[in-house]
Amino acid sequence: MTISDGAAQGNGVANSHVKNDTSGRPSFFEDYGVWKEAPVLVGTTKFEPLPDVKNIMITGGAGFIACWLVRHLTLTYPHAYNIVSFDKLDYCSSLNNTRVLNDRRNFTFYQGDITNPSEVLDCLERYNIDTIIHFAAQSHVDLSFGNSYHFTHTNVYGTHVLLESAKRVGRIKRFIHVSTDEVYGEVRDDDDDLLETSILAPTNPYAASKAAAEMLVHSYQKSFKLPAIIVRSNNVYGPHQYPEKIIPKFICLLNRGKPVVLHGDGSPTRRYLYAGDAADAFDTILHRGQIGQIYNVGSSDEISNLSLAKKLLSLFSISHDRREEFSRWVKYTHDRPFNDHRYAVDATKLRQLGWKQQMSFEEGLRITVEWYRRFGERWWGDISKVLSPFPVVSGREVVEDDEHVSDNPQGADSVCVRGLRIKRTSGSCGGDEAESVKKKRKVDEFDGRQQQKQMASFTATACTSSIPEKCT
Ligand SMILES: NC(=O)c1ccc[n+]([C@@H]2O[C@H](COP(=O)([O-])OP(=O)(O)OC[C@H]3O[C@@H](n4cnc5c(N)ncnc54)[C@H](O)[C@@H]3O)[C@@H](O)[C@H]2O)c1
């Protein structure tokens, strides 16, 4: 693979290695200067630099969470650490995320693919890397239902290549592997938050690929004494997130005066952590985390997709109390093949290292809305296709879907639980009211296998009837 000097191509990165793009597609390196208007967003923590760490490779550095850490470490530790952002520049990335660092002596961008051993080894050798923080992944659950080989290839094989390369160079002091809370699978409403020792029970191809990657990390730690740490974070949100994920997508839709589209009935909940707090978590784990340990990164802010939509409508000062107003702004489409009702991790172990969540959800969401109103339409180029309910990615192109969208919650009359369709008896449980009538009625008895504690049940709404049928 030809690797050429990016500076010579005029991409403005002082230290970089980028590939020649002969595809004829718009170049990732075209710089329209939008990043110059944006605030430089980093975390807040600062630690005594580690004596054995000097050159840090951060994979996926042009993507969302990693770009926060790349900026944070480059700017917070200018004399202690050299940061190499290693990224393939996939459809969801943007060099705008790190352009503000281009003139920093301790920052380098390397365009490379984690599934390509020679590029990974070249980067490790060329920059004398001693620490790897591995974020690069196919990260969008929705896409994993359609293109799951791609997820296995990047998330499992790509991680394997990094591990094998780290083993080969032999001087790696820390290998921080970024996993997700989704590896635990679904958590019931009345279950305790999950500890790092909880069983892994992923329910979608994305989560399964992340769990599989963890197994490889664990094996390299045991077999080859690779000094690894695994981090399982809940959902992260904030500026710089590609608008395929729910918060930036809904903001960008509302910004265009378009309704948001909920999957299913909008009842699944997620916990959200502001990206600045996530950057602090990774900084803390880098400096204080113990080799061989796993750390959950958890937020206390849990909200359903439906309530999130309402919160965003309020932030846009869009009234939605009356039924007609609500229907104008909130639409529904079919649900994912399986949608975990909720995730919930316990982050006590990380807090014991000194980390704490600082940003309130209200304030973080306000900052995020403001950022996307200013930059959302310009940061990644044309995002129109990404904003459709279930877009598809083909190569580096996002292709619009053609999904049925309606005013009524989809599947509110029934939910599919591991092959069984559970009907609701009353029409009064749909949409807006579904949340208020939500009760913790378990349907364990419908699922004969009782696999894992957190997988074996499903929270249904109070109006769920008792007779399950096979889903088609
Ligand atoms: N976003 C979340 O809420 C969240 C929550 C928990 C865990 N995570 C994990 O954090 C990590 C980062 O997530 P994100 O949301 O910031 O992701 P993202 O999709 O915004 O960024 C992923 C980055 O990886 C790069 N990449 C993809 N394939 C690559 C390859 N083969 N070689 C090199 N680079 C490649 C992409 O170009 C992109 O820049 C992922 O591992 C994800 O599983 C994310």
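The largest cavity of this predicted model holds about 70 Å³ of space. A cavity is a set of points, on a 1 Å grid over the protein atoms alone, where a 1.4 Å probe fits but cannot get out. Grid points are joined across faces, edges and corners, and the volume is the space filled by probe spheres set on the points. The model is predicted, so local features need pLDDT of at least 70 and side-chain atom pairs count only at pLDDT 80 or more, while totals for chains, interfaces and linings use all residues. Residues are numbered from 1 along each chain as its sequence is written, and side-chain values use heavy atoms, with hydrogens and water left out.

The search of the whole structure finds two cavities of 30 Å³ or more. Residues with an atom within 4 Å of a point count as lining. Trp35, Arg71, His240 and Trp379 are among those that line the largest cavity. Its lining divides into six nonpolar, four polar and two charged residues. Here Ala, Val, Leu, Ile, Met, Phe, Trp, Tyr, Cys and Pro count as nonpolar, Asp, Glu, Lys and Arg as charged, and the others, Gly among them, as polar.

The second largest cavity holds about 30 Å³. Its lining includes Tyr91, His140, Glu244 and Val398. Eight of the lining residues are nonpolar, one is polar and one is charged. Domain 1 (2-303 + 340-375) and domain 2 (305-337 + 385-460) each give at least three residues to this lining. The domain bounds come from an automatic or database domain assignment.

The ligand has 31 residues around it, and Asp87, Asp113, Ser139, Tyr206 and Lys210 come nearest. A residue counts as near if one of its heavy atoms lies within 4 Å. By class, this shell has 12 nonpolar, 13 polar and six charged residues.

Polar contacts are pairs of N or O atoms within 3.5 Å. A polar side-chain atom of Ser139 lies 2.7 Å from a ligand oxygen atom. For Asp113, a polar side-chain atom lies 2.8 Å from a ligand nitrogen atom. Gly63 places a backbone N or O atom 3.0 Å from an oxygen atom of the ligand. The ligand taken alone exposes 830 Å², of which the protein buries 97%. These accessible areas come from the Shrake-Rupley method with a 1.4 Å probe.

Definitions and conventions. 1 Å grid on protein atoms, 1.4 Å probe; cavity = no way out; pocket = protein on both sides within 12 Å on 5 of 7 lines; lining within 4 Å. Polar contact = N/O pair within 3.5 Å; in protein donor to acceptor, adjacent residues only side chain to side chain.
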